[in-house]
Amino acid sequence: MVIYKAKNDQDLSRKSANIISAQIIMKPDCVLGLATGSSPVGTYRQLIEWYKKGDLDFSRVTTINLDEYKGLSPDNEQSYRYFMNKNLFDHVNIDKARTFVPDGLEPDSDKACARYNEIIRAHGGIDLQLLGLGRNGHIGFNEPGSAFEKETHCVDLAESTVEANKRFFASEEEVPRQAYTMGIKNIMQAKKILLIASGEEKAETLKKALYGPITPAVPASILQLHGDVTVIADESALSLID
């Protein structure tokens, strides 16, 4: 595991975008596992800037997103498909037919999850998986207590996750209570993992994830067992780590 300290959000975004850019340059037809939420927005913004400068080519890249709210359509402004279009896909030369997000409108959970697992397998797995870190230690929507051996599955979102996400919705009642998410097993099968975290509120969780016991109570702690993990965090998030 390699840990980089970033001076601020801009430095964090630049460092993480550098790693993703290197993956695209080294393997133009790579498969990127992408994340949503506030953490990667700056990273995507930096990738767009480098694309516009002619430094990056997304034309052969495939992307497979971590998760999607169950019940939201792709054109819903709070769906993760909409988020990815707005924050990355609409601004680069990626083929949207090669961008995958779980089908939030599929009511049959088993069907939706089996289909997504097959998409991952059909593309040969993920070369680089980008992850944010939830305040309760979740990665993707794998909440505390999630079994490490699970693949894509439907989850009931923890109240802390609903609380953290309600700022994106008009009211807390509108926040979906379920989501489709890649499982820990899917994530751990990625060849490389890039974890980004910022803010003092992530400090205790980050310390537990990187140096605490490996336990489903802190889903991100499983990353200690992966052979190629890079962590980029700001000074606040790293404040409890020597």
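Modeller: First, a ground rule: UniProt positions are given in the numbering used here, feature names are shortened, and annotations may be inferred rather than shown by experiment. This is a predicted model: local features need pLDDT of at least 70, side-chain atom pairs count only at pLDDT 80 or more, and totals for chains, interfaces and linings use all residues. Residues are numbered from 1 along each chain as its sequence is written, and side-chain values use heavy atoms, with hydrogens and water left out.

Colleague: Which feature does UniProt place at residues 11-227?

Modeller: The unreviewed entry gives "domain: Glucosamine/galactosamine-6-phosphate isomerase" there. That span is 33% helix and 14% strand, with its end C-alpha atoms 25 Å apart. Helices (H or I, at least four residues) and strands (E, at least two) are DSSP runs, numbered from the N terminus.

Colleague: How many disulfides?

Modeller: The count is 0, where a disulfide means two cysteine sulfur atoms within 2.5 Å.

Colleague: Is C113 buried or exposed?

Modeller: C113 is buried, at 8% relative accessibility. C154 is partly exposed, at 24%. Buried is under 20% relative accessible area, exposed over 50%, partly exposed in between (1.4 Å probe, protein chains only).
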